[in-house]
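Work through these exercises with the structure open beside you. Each task is followed by a solution in steps.

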Amino acid sequence: MDETPTGWTSSMHIFSRYVSSERSVKDECCLSPTLSAATIVHSTELSIEYEDGDVILRTDDTDFRVHKTVLRLASPFFRSLFTLPQPPSTPEEIPIIPMEEDAEVLHTLISIIYPIRYKLIIDNLGFATRLLRAADKLEIECAIDLIRDSITPLLESVPNPLRAWALAKYMGHEVGEKAAVLRYIKCESSALLRERFTELGYVNALDYFDLVLKRQDALREAETAINKTVWGCSKCGGCPAWRSHYDNAIAGLNPFNDCVASDDLFSLAASASGCALCVDSVRKRNSLATTKTPSSLRAQLRTILSKYSS
Ligand SMILES: [Zn+2]
């Protein structure tokens, strides 16, 4: 065991660094260095076989006979693997590399790296996660951005923003993570926030703690900004009638709800107050961009949201 591995064996040592421990025993048993083309029996609808392919990637019941040159160009991982000395082989013998990835993942990655017309369509996050992790592990850089772009709308469609955040965090998907944090801070549904889901187990407890604090701080700052947005009325005085109607209207709403700082809501509150001067003062404020106006509040809330979701 102290012996330095050489040739194809050493290639496999490099390869084995990338396979999980639960598969290592099986993988070692599968490591046939070469295979006669005539003995290729593995074939499923996902298999790919280029007649002049010079290497076989094998997973479970599926073979992918492909070209080392293409794998080398697409992946530093395969470049390193194929750079190492290999045992002599005849044209009929094709090296086999057992792969940990499932057939669907390998089929997709190979389709991405070959210069063929191919449109990547991912419609479920489970597959997306496996695909991204495989592309990352095998260092197929050209696939990573493509997969991330496909994942973004999938994460946005997850109803629970906390679940979307946990998935994005698990996948190292920064764009998805940022979007999920924004949705989480703006979330109106206490039922969603109380939902228990297994993906939360993927994330670090400290990250989750920081996220919860971030939401609490953002909401607190927003509420302070809203409370400070009050101006007097020449009839009602410093505690205008419109304000209590406004407070009633936003009670229970997330402070980042678009309607909270809308001109319309301020106007409605003034109308409901029954004070004509409150109506006038709100109308005047709606047309100004100075402090203590609806537009100023909107700007402050945007700044707070941006600060906590970046
Ligand atoms: Zn008034």
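**Exercise 1. Find which residues line the largest cavity, and sort them by class.**

Solution. Begin with the lining: Leu 57, Leu 71, Phe 78, Met 99, Leu 106, Leu 109, Ile 110, Ile 113, Leu 138 and Ile 140. A cavity is a set of points on a 1 Å grid over the protein atoms alone where a 1.4 Å probe fits but cannot get out; lining residues have an atom within 4 Å of a point.

Next, sort them. The lining has 10 nonpolar residues, no polar and no charged. Ala, Val, Leu, Ile, Met, Phe, Trp, Tyr, Cys and Pro count as nonpolar; Asp, Glu, Lys and Arg count as charged; the others, Gly among them, are polar.

Then look for the main contributor. Helix H5 (residues 103–113) gives the most to this lining, 4 residues. Helices are DSSP runs (H or I, at least four residues), numbered from the N terminus.

Last, the volume. The largest cavity holds about 50 Å³ of space, taken as the space filled by probe spheres set on the points, with grid points joined across faces, edges and corners.

The model is predicted: local features need pLDDT of at least 70, side-chain atom pairs count only at pLDDT 80 or more, and totals for chains, interfaces and linings use all residues. Residues are numbered from 1 along each chain as its sequence is written, and side-chain values use heavy atoms, with hydrogens and water left out.

**Exercise 2. Describe the lining of the second largest cavity.**

Solution. Its lining residues are Thr 152, Leu 155, Glu 156, Ala 164, Gly 176, Ala 179, Ala 180 and Arg 183. Helix H7 (141–156) and helix H9 (174–186) are the elements that give two or more residues. H9 gives the most, with 4 residues. By class, there are 4 nonpolar, 2 polar and 2 charged residues. The space in this cavity is about 40 Å³.

**Exercise 3. State how the axes of helix H11 and helix H15 cross.**

Solution. Take the axes of H11 (residues 205–228) and H15 (residues 294–309). They come within 10 Å and cross at roughly 170 degrees. Axes are lines fitted to C-alpha atoms, for helices over the stretch in contact, and angles run from 0 to 180 degrees between N-to-C directions. H11 is therefore roughly antiparallel to H15 (angles over 145 degrees count as such).

Now the residues. Among those in H11 that meet H15 are Lys 214, Asp 217 and Glu 221; H15 contributes residues including Gln 300 and Lys 307. Contact means heavy atoms within 4.5 Å. The contact has 8 nonpolar, 1 polar and 4 charged residues.

Methods: On a 1 Å grid over the protein atoms alone, a cavity is a set of points where a 1.4 Å probe fits but cannot get out, and a pocket is an open set with protein on both sides within 12 Å along at least five of seven lines; lining residues have an atom within 4 Å of a point. Angles under 35 degrees count as roughly parallel, over 145 as roughly antiparallel, 65 to 115 as roughly perpendicular and the rest as oblique.
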